[in-house]
Amino acid sequence: MKPGYQQIYARYRENIISGVLKPGDRVPSIRVLAEELKVARKTVETAYAVLIGEGYLTSHGAQGTRVNRDLVLNAAPRPAPPVADDPLPSLTGIRDSLGYLELGIPSLDSFPYKKWLLLAGKAVRAMRPEDMTIPPVMGYYPLRQAIAAYLTVSRGVACTAEQVVITGGYRSNLLWILQALAATRDKVVFEDPGYFFGQKLLKRTVSRLHYAPVDENGINVDYLLQHHADARVVITTPSHQSPLAVTLSLPRKQQLLDWASQNDAWIVEDDYDGEFHYTRKVLPSLKSIDTHDRVIYVGTFSKTVMPSLRIGYMVLPVTTLNAFRESGEIMAGGQPLLAQKILTAFLAEGHFYKHLRKMRTLYQQRRTLVQTTLQALYPDIFTLEQTDGGMHIVAYLRSGSCDVELAALWQQHQLNVSPLSSWYSQHNRRFGLIMGYTNVRSEAEARALLSKPRAATLALLNGPPA
């Protein structure tokens, strides 16, 4: 949906008040911004007129439009969260606050809101008394059919609707899998580094939790076979490893599948953002080559539609359906029916596919934009490693190990980055910042955001000037 003048006005006002745009900074010309946003020049002209009238901007004729040099703002950076041994409070705090560069948040300015609201209205008007009863444990059947059809075509996962179960998302998936398939003393292996909140959840629920390191080819299966061949469950992110964004190599995929088949073990494939690949036409899932039905495929609509939807799904091996249904009746329960019906229509009418195609192009552009800006502003601080896709990048520190302190510093400027080292559980760690890029809309915004902590970053890493 194209922004109206109110949205343009609100965005610039927010950036000025928060300090992203500073007094004297030049803003794009009406023509340039109109072309960038794909709106009429009159729309931008109206937004700028309101900003000028309220004193946020000043027009200087041929010299362009700038943030008012005389503007005095009292906004102060939010206090830095304390740097502690346990980063959980800090990461929970930034996840629950407004900011920029946050992980896992899809583009908020490019979602088809009008279409979603139309479908929501239809679903509400079509409600019947029977829709007010307890929702089915395994999920709304038409949605399960739509997901099965989508996965068969898009991810190569040949499955039926009976194998698809609708869940409340990542945590619900893990707890349900462990409840259905693992005994109390079974060994569970997680990637190192691995998704921060998944790691914390498993530490609280699994008595024998172990780790397998990740390198440029994904989870190290040789290490797994050498040290944890007796594992019952392995949880992995093969398409875009979380957080390193590397892809599990084909030889390792086959090696992992062979191990699971020979040892009666289960592989949980978390395909959290596998839809977003940029350098290849197809990025096949691990489940697509699983000939022995040992992979539990896990997906989510948090990254492709919206996190607030709180709908995920699993594709279950046929032999496990009864175990999952039984444990679901006890501990899972069904998901709200209305949201499932809206999502069903979104998929069935083709809007989801159209939205994904648009986001792939947009995210590739925005990733390049943020990477280029990072390299220009911090050439001696960070190094970037090219990966196939995903929704975040890792800016590795060229030297030093103070990424926790650095992340806290960036968070003072509402940059909700995460320290890479906190996603490790073992001692052999890498250091850097994990940052999302999906909501950085222009080169000017990228430079404005990433410039804010530059002086403090250089001071922290290089020390004060002599």
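The model is predicted, and the points below are grouped by topic. Two packed helices are described by the angle between their axes and the distance between the axes, and the first group takes up such a pair.

**Helices H13 and H15**

- Helix H13, which covers residues 351-377, and helix H15, which covers residues 443-451, have axes that come within 9 Å and cross at roughly 45°.
- On the H13 side the contact is made by Leu369, Val370, Thr373, Leu374, Ala376 and Leu377, while H15 contributes Glu443, Ala446, Arg447, Leu450 and Ser451.
- Sorted by class, the residues in the contact of H13 with H15 are seven nonpolar, two polar and two charged.

**Helix H14**

- Helix H14 spans residues 403-411, and because seven of its nine residues are buried, this helix is largely enclosed by the rest of the structure.
- The buried residues in H14 are Asp403, Leu406, Ala407, Ala408, Leu409, Trp410 and Gln411.

**Tyr113**

- Tyr113 belongs to helix H5, which runs over residues 113-125.
- With a relative accessible area of 34%, Tyr113 is partly exposed, because that term covers values between 20% and 50%.
- Between Tyr113 and Tyr211 there are 98 residues of separation in sequence and 41 Å in space, taken from C-alpha to C-alpha.

Technical notes
Residues numbered from 1 in each chain as written. Predicted model: local features only at pLDDT ≥ 70, side-chain atom pairs only at ≥ 80, totals over all residues. Heavy atoms only, no water. Helix = DSSP H or I, 4+ residues; strand = E, 2+ residues; numbered from the N terminus. Buried < 20%, exposed > 50% of the residue type's maximum accessible area, 1.4 Å probe, protein only. Axes fitted to C-alpha atoms, helices over the stretch in contact; angles between N-to-C directions. Contact = heavy atoms within 4.5 Å. Nonpolar A, V, L, I, M, F, W, Y, C, P; charged D, E, K, R; others polar.
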